[in-house]
Amino acid sequence: MNIRNSIVVITGASSGIGAVTARELARQGATVVLAARREDQLRTLAAEIEQLGGKTLVVPTDVTRLDDIDHLIQTTIDTYGRIDVLINNAGIGAGKTAATSSDDDMQQVITVNLLGPIRAVRAVVPHMRQQGGGLIINIGSVAGEVGTTSLYSATKFGLRGLSDSLRRELRPYKINVVLIAPGFVSTPLTRGIKVPMPKADVVAHAIAAAIQRPRRKIIVPWYYAPLAYLAKALPWLTDWLVSRNQIQQMLRREKQS
Ligand SMILES: NC(=O)c1ccc[n+]([C@@H]2O[C@H](COP(=O)([O-])OP(=O)(O)OC[C@H]3O[C@@H](n4cnc5c(N)ncnc54)[C@H](OP(=O)(O)O)[C@@H]3O)[C@@H](O)[C@H]2O)c1
């Protein structure tokens, strides 16, 4: 699909990967529909993009609210008449494990990371069918390839299952589904994590490439792909490495407190 003149809806556009992707796609000629809760951030980003000649529409959206998602899709259709690409990017980390999270935390993580994208798909598919096709890009994670942090991984594994099944279900309608699975990249989400990581541009470029030539799945940065493969081929080694790392983190936290 040509990025130029396409209509692209991006959830979680107020920060990190979503904001960088919006800038990149607008630079390449897409009209970007910016969705997230923080309207100020969205307006600042929209002004920046428009100053450079780009086109934007700001739709404040909380993806945990069904009405907000329906409103986002309907407002875009009312304004432009179509949606070429939906990028389900909004996501939050889970500070605690499944065994230690409160019920409210669990519901928030699952609703933002998994139920939100499912509802957005349901809202957009009738329009994409009517217009003869489209593209859905889900932002998963390497944590959806390799179980690392239980609650977060559960949602990202779910998003991978969703992407694979949707791709098969929506094929007859010429709606393509791509899963982008980032490893660590530098955004507010990973602040405080002390491993070397590239900027979010690496994900934005993968998303732009996926719009031009859709693929089943893209793991970025590239060096996480062999790691994800190895983790599946040698699950016992992964069990040992991940739990060793988690025990070290726990001990470090206990020492600090
Ligand atoms: N950074 C990484 O290393 C990494 C690695 C793997 C996967 N990912 C995935 O990449 C995606 C983007 O993450 P990021 O690193 O760019 O994090 P980020 O900078 O914290 O951005 C998260 C975005 O999600 C939005 N969001 C959170 N809750 C929302 C809600 N209820 N409704 C609407 N929007 C909501 C936030 O906007 P508001 O707060 O304004 O609503 C923000 O724009 C996530 O799905 C994340 O799981 C990131």
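**Close-up views of a predicted model**

**View 1. Helix H1 crosses helix H6.** The axes of H1 and helix H6 (residues 201–212) come within 8 Å and cross at roughly 50 degrees. Axes are lines fitted to C-alpha atoms, for helices over the stretch in contact, with angles from 0 to 180 degrees between N-to-C directions. The H1–H6 crossing is right-handed (the near helix is turned clockwise from the far one by less than a right angle). H1 contributes Ile17, Val20, Thr21, Glu24 and Leu25 to the contact; H6 contributes Asp201, Val203, Ala204, His205, Ile207 and Ala208. Contact requires C-beta atoms, placed from the backbone, within 7 Å. The H1–H6 contact has 7 nonpolar, 2 polar and 2 charged residues. Ala, Val, Leu, Ile, Met, Phe, Trp, Tyr, Cys and Pro count as nonpolar, Asp, Glu, Lys and Arg as charged, the others, Gly among them, as polar.

Helices (H or I, at least four residues) are DSSP runs numbered from the N terminus. Residues are numbered from 1 along each chain as its sequence is written. The model is predicted: local features need pLDDT of at least 70, side-chain atom pairs count only at 80 or more, and totals for chains, interfaces and linings use all residues.

**View 2. The shell around the ligand.** Of its 30 residues, Gly12, Gly16, Arg37, Arg38 and Gly91 come nearest (near: C-beta atom, placed from the backbone, within 6 Å). Helix H1 (residues 16–27) gives the largest share, 3 residues. The shell divides into 13 nonpolar, 14 polar and 3 charged residues.

Methods. Helix = DSSP H or I, 4+ residues; strand = E, 2+ residues; numbered from the N terminus. Contact = placed C-beta atoms within 7 Å.
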